[in-house]
Amino acid sequence: MSGHPRGYTAGARTLLRTTLHHDGRNFGPFAALATLLSASSVLIYPWLFPDAFDRFAFSTAVGANPAIGLVFGPAFDLTTDEGFNAWRSLALGGFIAALGAAFAVTRNTRGQEDSGQAELLASGVLGRGARLGAAVGMGVLGSLLLGIVAATVTILCGGTVVASTLLAATFTCTGWMFTGVAAVAAQLGADARTSNTLAIGTLGTLFVLRGFAYAIDAPQWTIWVNPLGWMTETRPASGNHWWPLLLAVGLTLVLLTVAFIMESRRDFGQGVISPRPGPARGRVHTTWGLALRLNYSSILLWLAVMVMLGFVFGYMTVSVKDILAEQPGVAAVLAAGATTADQLVGVFLHTIIALLGIVASVPGVLVMLKVHSEEREDRLEPVIATRARRITYYAANVLLALGLVAVLVLLAGAVIGLRVQGSDVGLSFGDVVWQAAATVPAVWAVVALSVAVVGARPGVAIAAWAGVPVTFLLTLLGPSFKLPDWALGISPYWHVPAVANPDRDWWGLLGVAGVTAVLLVVGFAGFRRRDLAR
């Protein structure tokens with residue numbers, strides 16, 4: 001189609017309008033989340049921290065737990081609502097915008113090729129680059145609209161114009177950069193799932209490396225080689241530097257140029273990373289083997305991710321006393337005898353293992369959603385039409401999901417334990433692994449929710465993800481925001497005891513196990529009784 005007289009991107013504008021009409025609503029939840037994150041920060045700050053003492057205590061709490069900074073980035077100024085908003089929203093808001101943009105690009109490029117829709121579109125009057133152009137337009141316009149809405153609502157809620165606009169601009173620019181990343185990933189991956197993995201894997205890696213660099217006070221060059229570091233260095237409300245946004249725009253243009261060049265040379269339906277052909281004769285003879293085969297590549301990827309996180313968190317654990325010594329507020333608390341350095345290390349270990357558990361729950365949910373996609377795409381019915389029983393098929397996938405997340409948490413815990421073995425932080429290899437083992441039941445509870453949703457109510461499969469963001473917000477932000485115990489208790493991680501604490505209470509995990517069992521029963525009963533693809 002590239003030879004059409006209207007050119008390489010002929011029809012892109014019309015296709016973009018159609019894409020916005022039919023797919024634009026999928027960007028809505030990402031815009032709503034980023035806006036809610038920013039606007040709520042401005043609204044709740046005066047209520048949560050009404051005086052200087054409360055603000056100092058909060059700053060000390062943040063400084064005493066570097067794991068929080070790993071996620072939210074550096075706290076340049078927590079004494080004002082704008083500084084609090086920048087700390088709480090910049091990293092996560094940009095992450096949300098990047099997810100929305102990446103999913104939009106992949107869905108409207110490789111996703112269309114996988115479904116056959118792209119072939120139908122290509123039969124019309126379209127240039128070869130029109131579909132990529134429309135997908136990129138979707139990512140760019142969606143990110144721009146997200147930033148505009150976030151800035152407007154935050155300002156209406158009391159945020160200052162300059163700081164709120166700059167913060168929202170970091171959301172937009174992060175979305176633009178990952179529009180480019182996803183556009184390149186769509187040319188590399190052999191299908192939509194691989195392309196999404198490449199784009200989101202890149203986002204996750206850069207996100208962790210940015211937090212790690214700030215947490216250990218790494219050299220400045222480690223910040224500036226990371227595009228997400230550019231956004232942090234804009235410093236809304238504590239510097240208001242606009243020029244790093246130009247770096248993001250430049251990177252976006254470079255990535256999009258590369259993506260369009262690759263698109264012009266790529267065979268339709270193919271990718272630079274080609275899948276290996278399967279064997280001449282099938283080697284999978286059990287439902288367990290099928291579940292393992294369908295998720296094999298994803299399992300290897302997540303094993304590598306957890307080993308990397310184990311090394312990162314292990315390094316931080318070894319260095320945590322030095323990191324805490326640099327926090328003046330923490331030093332004052334230690335000098336007053338209100339707590340000890342060993343107790344702070346124990347809190348840090350509890351937090352990072354919980355964070356690892358939240359990350360590890362993601363592949364467990366993905367395994368269950370793979371069951372849903374196999375069913376929706378009519379590949380499940382031929383399987384259970386054989387000797388394979390429906391309940392056996394579901395059980396194989398559930399056991400894989402639960403076993404995988406347990407292995408991932410224990411693996412990361414073992415890596416951290418090996419790193420801290422022999423250090424002077426007051427932790428042993430056994431302490432770390434035991435803390436990881438105590439966290440596994442909480443991870444199972446999150447995965448069990450996805451088992452219940454996919455088994456009983458696949459029509460609302462998006463709810464399978466609910467446990468991941470809810471536990472993330474309650475576990476990392478709930479205590480600092482003074483939420484009541486009943487609200488914090490919604491997260492299963494709240495019931496995980498700190499094994500370094502001699503007064504640890506294990507009864508909470510018994511309740512978590514009970515909830516997990518109920519969810520599993522609901523999932524199995526629903527899957528056994530309902531019609532397929534319903």
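What share of the 534 residues of the protein chain count as buried? In this predicted model, 51% of them do, where buried means under 20% relative accessible area, exposed over 50% and partly exposed in between, with a 1.4 Å probe and protein chains only. The secondary structure of the protein chain comes to 23 helices and zero strands; helices (H or I, at least four residues) and strands (E, at least two) are DSSP runs, numbered from the N terminus.

Because the model is predicted, local features need pLDDT of at least 70 and side-chain atom pairs count only at pLDDT 80 or more, while totals for chains, interfaces and linings use all residues. Residues are numbered from 1 along each chain as its sequence is written, and side-chain values use heavy atoms, with hydrogens and water left out.

**The chain as a whole**

- The protein chain exposes about 23800 Å², of which carbon and sulfur atoms supply 66%; accessible areas come from the Shrake-Rupley method with a 1.4 Å probe, and for residues only the protein chains shown count as cover.
- Among the contacts in the protein chain with a separation of 6 or more, 78% are between residues 24 or more positions apart, a contact being heavy atoms within 4.5 Å.

**Aromatic pairs**

- A search of the whole structure finds 17 aromatic pairs, counted when rings of Phe, Tyr and Trp (its six-membered ring) have centres within 6.5 Å, with planes under 30 degrees apart called stacked, over 60 edge-to-face and the rest tilted.
- One of these is the pair of Y45 and F49, which is tilted because the ring centres are 5.4 Å apart and the planes stand at 55 degrees.
- Y45 counts as buried at 1% relative accessibility, and F49 likewise counts as buried at 1%.
- F58 and F84 form an edge-to-face pair, with 5.7 Å from centre to centre and 65 degrees between the planes.
- Since F58 lies in helix α3 (residues 52–63) and F84 in helix α5 (residues 81–107), the pair ties together parts that are 26 residues apart in sequence; both F58 and F84 are buried.
- Ring pairs link Y45, F49, F58, F72, F84, W87 and F472 into a cluster.
- Elsewhere, R390 lies over the face of F527, at 5.8 Å from the ring centre; a charge sits over a ring if NZ of Lys or CZ of Arg is within 6 Å of the ring centre and within 35 degrees of the ring normal.

**The nonpolar core and W87**

- The largest nonpolar core has 135 residues, and W87 and F313 touch the most other members; such a core is a set of buried Ala, Val, Leu, Ile, Met, Phe, Trp, Tyr and Cys residues joined through side-chain atoms within 4.5 Å.
- Helix α17 (residues 341–376) gives this core its largest share, 16 residues.
- Not counting residues up to four places away in sequence, W87 touches F58, V62, I68, F72, G73, P74, A75, L78 and L477.
- In soluble globular proteins, nonpolar side chains tend to be buried together.

- Helix α9 (residues 161–188) has 28 residues and reaches 41 Å from its first C-alpha to its last, close to the 40 Å expected at 1.5 Å a residue, a span taken as 1.5 Å times one less than the number of residues.
- Helix α9 is mostly covered, as 24 of its 28 residues are buried.
- V184 is placed in helix α9 and counts as buried at 15% relative accessibility.
- V184 and V258 are 74 residues apart in sequence, and their C-alpha atoms are 6.9 Å apart in space.
- Leaving aside neighbours within four places in sequence, V184 is in contact with L255, V258, A259 and M262.

**Other buried helix residues**

- S41, found in helix α2 (residues 28–48), is buried with a relative accessible area of 0%.
- Beyond its neighbours within four places in sequence, S41 is in contact with F84, N85, R88 and S89.
- V208, found in helix α10 (residues 192–215), is buried with a relative accessible area of 15%.
- V208 and L309 are 101 residues apart in sequence and 8.2 Å apart in space, C-alpha to C-alpha.

**The loop between α12 and α13**

- R235 is in the loop between α12 (227–232) and α13 (244–265), and its phi is near 50 degrees, a positive value in a residue other than glycine.
- A237 is found in the loop between α12 and α13, with a positive phi of about 75 degrees although it is not a glycine.
- R235 counts as partly exposed at 25% relative accessibility, and A237 is partly exposed with a relative accessible area of 27%.
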